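Work through the exercises below with the model open. Try each task before reading its solution.

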Amino acid sequence: MAPASAAEVLQVRSGSLLQVGDRNRTYTVELACVSVDDEQQSDAIAWLRQQLPRRRRVNLRPVGSSNGQLVARVTPLGDDSDLNAGLIAAGLATDRCSAELG
C-alpha cells in the first residue's frame, strides 16, 4: 500500500474532485475508484462537504494519476473509513474499480 500523506481540504469541486493543499501548494485530487452520475453530483457534493468541513485534514493514499491529477483514496484524519467507500456506501457513487474487474 502506498504511504499516506496529510493534506488540508480547501474545496469540494465535484462529487469526485477535491482541491487540497499541503504546506505551500494546492492541487486537485480525484477520488480513486469512484464514479458519480451527473444526477447525483449535487447530493455527492453535499455529502462530501458534510464529511469535509473546510480545512479538514485528510490522509491521501495515492493510487495513480489521471490527466495530470492525483488519484487517491482519501481518509479524514482520525477516521477509519475512506471517503471513496463512504460515497459508494451512501449510494451516491458506483465503484469503478470493481466494475472494471468484472
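## Exercise 1: the disulfide

Cys-97 is partly exposed, with 28% relative accessible area; partly exposed lies between buried (under 20%) and exposed (over 50%), using a 1.4 Å probe and protein chains only. This is a predicted model: local features need pLDDT of at least 70, side-chain atom pairs count only at pLDDT 80 or more, and totals for chains, interfaces and linings use all residues. Residues are numbered from 1 along each chain as its sequence is written, and side-chain values use heavy atoms, with hydrogens and water left out.

Task: find the disulfide partner of Cys-97 and describe the link.

Solution. 
1. Apply the cut-off: a pair of cysteine sulfur atoms within 2.5 Å. The count comes to one disulfide.
2. The partner is Cys-33, with the sulfur atoms 1.7 Å apart.
3. Read the torsion. It is -80 degrees about the S-S bond, so the link of Cys-33 and Cys-97 is left-handed.
4. Cys-33 sits in the loop between strand E3 (25–31) and strand E4 (34–35), and Cys-97 in helix H3 (residues 96–101). They are 64 residues apart, and the pair links distant parts of the chain. Helices (H or I, at least four residues) and strands (E, at least two) are DSSP runs, numbered from the N terminus.
5. Check burial. Cys-33 is buried at 11%.

## Exercise 2: salt bridges

Task: locate the salt bridges of Arg-56 and Arg-73, and classify their residues by accessibility.

Solution. 
1. The structure holds seven salt bridges.
2. Arg-56 pairs with Asp-79, closest N and O atoms 3.7 Å apart. Arg-56 lies in the loop between helix H1 (41–51) and strand E5 (57–66), 23 residues from Asp-79.
3. Both ends are partly exposed: Arg-56 at 23%, Asp-79 at 35%.
4. Arg-73 pairs with Asp-82 at 3.5 Å. Arg-73 is partly exposed at 25%, whereas Asp-82 is buried at 12%.

## Exercise 3: Leu-92

Task: is Leu-92 buried or exposed, and which residues does Leu-92 touch?

Solution. 
1. Locate Leu-92 in the loop between helix H2 (83–89) and strand E7 (94–95).
2. Leu-92 is buried, at 11% relative accessible area.
3. List contacts (heavy atoms within 4.5 Å). Not counting residues up to four places away in sequence, Leu-92 touches Val-36, Gln-40, Asp-43, Ala-44, Trp-47 and Leu-87.

Definitions and conventions: A salt bridge is a side-chain nitrogen of Lys or Arg within 4 Å of a carboxyl oxygen of Asp or Glu.
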